[in-house]
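Let's take a friendly walk through this structure, from the overall fold down to a single residue. Please have a look at it first.

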Amino acid sequence: MKRIYLFLIASLFFVFTGCDADDDDVVDEELPASTIAGFNTFGCLINEQVYVPEKGSFCLDCADAPKLQLTYGEVFEEYRFSLGTFNDTDGDVSITLELFNGTEPLTEGLYSLSQTTLEASDMPIANATCRINKKISGEKIESEFYSNESIGGVLEIIKIDEEKKFISGTFYFSAVDGNGQFINITDGRFDVTYKSF
């Protein structure tokens, strides 16, 4: 009988000491490998925490919120790249990267993730945005962050395959919200098939 009590006490000790209030922050996922084959992968670190697009198990309207979508091509005689990602596991996070390249198609190389002013509307558009409603690295964040003319980053297109319709690359950027709070996105990589506009 004493053995059973000792076993129960030891078990409870391990259960309670093994649980931490921040366990919901632990991310078991790893960043996907950097590939150039159209594997439909995306990943980055948001303030040092792994982010990958993923649907939560209770997605109410999955058709309207794809987890990963890339659109590229000519629209209104201008070339545009628009990559959107979404994760609604234990909160939600979305990241959007956009490039506007005028009348020239994108090529392999470096592109700024700051801000673009469209000639047609004379309106500035952030090239990188991140909306967060989730704990990130132990801190609850509920805000929308945007790159602008003085804060941003770089997107490098490593491969564009127009025959197989995929684009692969890397990126990083910083962004700020309306209250002056910053986030840092690092180690970004994507390898995504695209649809044309």
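## About the model

This is a predicted model, in which local features need pLDDT of at least 70, side-chain atom pairs count only at pLDDT 80 or more, and totals for chains, interfaces and linings use all residues. Residues are numbered from 1 along each chain as its sequence is written, and side-chain values use heavy atoms, with hydrogens and water left out.

## Fold and surface

The protein chain has one helix and 13 strands (DSSP runs, numbered from the N terminus: H or I of at least four residues for helices, E of at least two for strands). Along the sequence, the pattern reads α-β-β-β-β-β-β-β-β-β-β-β-β-β.

Of the 197 residues, 39% are buried (under 20% relative accessible area, with a 1.4 Å probe and protein chains only). Among contacts (heavy atoms within 4.5 Å) with a separation of 6 or more, 58% join residues 24 or more positions apart.

## A pocket

Which residues line the second largest pocket? They are Val75, Phe76, Glu78, Arg80, Phe100, Leu118, Ala120 and Ser121 (a pocket is an open set of points on a 1 Å grid over the protein atoms alone where a 1.4 Å probe fits, with protein on both sides within 12 Å along at least five of seven lines; lining residues have an atom within 4 Å of a point).

## Thr71

Thr71 sits in strand 3, residues 68-75. Thr71 counts as buried because its relative accessibility is 13%. Beyond its neighbours within four places in sequence, Thr71 contacts Arg80, Phe81, Ser82, Lys195, Ser196 and Phe197.

Definitions and conventions
Buried means under 20% relative accessible area, exposed over 50%, partly exposed in between (1.4 Å probe, protein chains only).
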